[in-house]
Amino acid sequence: MGSSLWTCLILLSLASASFAANPRAPIDVPFGRNYVPTWAFDHIKYLNGGSEIQLHLDKYTGTGFQSKGSYLFGHFSMYIKLVAGDSAGTVTAFYLSSTNSEHDEIDFEFLGNRTGQPYILQTNVFTGGKGDREQRIYLWFDPTREYHRYSVLWNMYQIVFYVDDYPIRVFKNSNDLGVKFPFNQPMKIYNSLWNADDWATRGGLEKTDWSKAPFIASYKGFHIDGCEASVNAKFCDTQGKRWWDQPEFRDLDAAQWQKLSWVRQKYTIYNYCADRKRYPQVSPECARDRDI
């Protein structure tokens, strides 16, 4: 009986993987199509007719922008060129977040470095106001020399973080295991550049060198393909009809899992799933995400 059950599960897994596919290519649009400035408007510089912007951070303030709409599931992508040189203490962010007290959030945070040291990319997922699911990786390229694409695919089945065409993290829907999953709180997309030298670089040991200011991060692409909903909406009215909501996006295919495994093995420097000091018991979603 046990053998038969495992056989069924394996066949279901193979069937799911056989339908898997890569996300569609993002469509680049001008900044003003999907986004508006949030704060310190004078620290945002517009280039090439608004198809590219720069965020400037100095000792007085950082800056940021957010999407015009709120979205419940979708594919969200941004080309970012990170702060060059000595960026210690700075954080460049691209994330989705709802606005209530028990909020959901999906984070890309790029932690600045001293010159010559690698950037750290930290990802996190908050559900029902609970986070503490940090993973950190080094990037396998210099993210300050040219633009690279950072994307989130979010549907009812999984959240996938991408760097260019490489999945770097998967967070599966494990609601059946007692782990909350973001499914009923529309989120806006936020981007920002700010000073966080109390924690960002070597746990706050490295402070921001303001003689190097202004620090500049560049953005372009501004791709949003999501189900737009009011902040009070609890479901997507196009559920099951969008490309990112189809069966082939319920899982990664074999090639994508292989890419993810490569990133995990070569570039991971911290994974909450493996942190037995913080979590003596493995979080239930970690096995489903193949993170242990």
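I call a residue buried under 20% relative accessible area, exposed over 50% and partly exposed in between, with a 1.4 Å probe and protein chains only. By that cut-off Cys227 and Cys236 are both buried.

I am working on a predicted model, where local features need pLDDT of at least 70, side-chain atom pairs count only at pLDDT 80 or more, and totals for chains, interfaces and linings use all residues. Residues are numbered from 1 along each chain as its sequence is written, and side-chain values use heavy atoms, with hydrogens and water left out.

**Disulfides**

I looked for disulfides (a pair of cysteine sulfur atoms within 2.5 Å) and found two in the structure. In the disulfide of Cys227 and Cys236 the sulfur atoms are 2.2 Å apart. The torsion about this S-S bond is about 110°, so I noted the disulfide of Cys227 and Cys236 as right-handed.

The other entry is Cys273 with Cys286, sulfur atoms 2.0 Å apart. Here the value about the S-S bond is -80°, and the link of Cys273 and Cys286 is left-handed. For positions I use DSSP runs numbered from the N terminus: helices (H or I, at least four residues) and strands (E, at least two). Cys273 is in the loop between strand E15 (268–271) and helix H4 (284–288) while Cys286 is in helix H4, so the pair ties together parts 13 residues apart in sequence. Both Cys273 and Cys286 are buried. With the bonded cysteines numbered in sequence order, I wrote down the pairing as 1-2, 3-4.

I checked UniProt next; its positions are given in the numbering used here, feature names are shortened, and annotations may be inferred rather than shown by experiment. The unreviewed entry puts "active site" on Glu105 and Glu109.

Glu105 is in strand E7 and is buried, at a relative accessible area of 13%. I listed contacts (heavy atoms within 4.5 Å). Not counting residues up to four places away in sequence, Glu105 touches Tyr95, Leu96, Ser97, Asn124, Val125, Phe126 and Met187. I also looked for polar contacts, meaning a pair of N or O atoms within 3.5 Å; within protein, one must be able to donate a hydrogen and the other to accept it, and residues adjacent in sequence count only if both atoms are side-chain atoms. The side chain of Glu105 makes one with the side chain of His103, at 2.8 Å.

Glu109 is also placed in strand E7. Its relative accessible area is 14%, and Glu109 is buried. Among the residues that Glu109 touches, leaving out those up to four places away in sequence, I noted Val91, Ala93, Leu121, Trp194 and Trp199.

Where is Asn113 found? I located Asn113 in the loop between E7 and strand E8 (120–126). UniProt lists Asn113 for "glycosylation site", in an unreviewed entry.

**Aromatic rings**

I counted ring pairs of Phe, Tyr and Trp (its six-membered ring) with centres within 6.5 Å; planes under 30 degrees apart count as stacked, over 60 as edge-to-face and the rest as tilted. The structure holds 26 aromatic pairs. Tyr95 and Tyr190 are stacked, at 5.3 Å centre to centre and 20° between the planes. That pair links distant parts of the chain, Tyr95 in strand E6 (residues 90–97) and Tyr190 in strand E13 (residues 188–195), 95 residues apart. Tyr95 is partly exposed at 22%, whereas Tyr190 is buried at 16% relative accessibility.

Phe108 and Tyr150 are edge-to-face, at 6.0 Å centre to centre and 65° between the planes. Phe108 is in strand E7 (residues 105–111) and Tyr150 in strand E10 (residues 148–154), 42 residues apart. Phe108 is buried at 0% relative accessibility, and Tyr150 is buried at 0%.

I also recorded one aromatic cluster formed by Phe31, Tyr35, Tyr46, Phe65, Tyr219 and Phe222.

For charges over rings I required NZ of Lys or CZ of Arg within 6 Å of the ring centre and within 35 degrees of the ring normal. Lys259 lies over the face of Tyr166, 4.8 Å from the ring centre. Arg290 lies over the face of Trp257, 3.8 Å from the ring centre.
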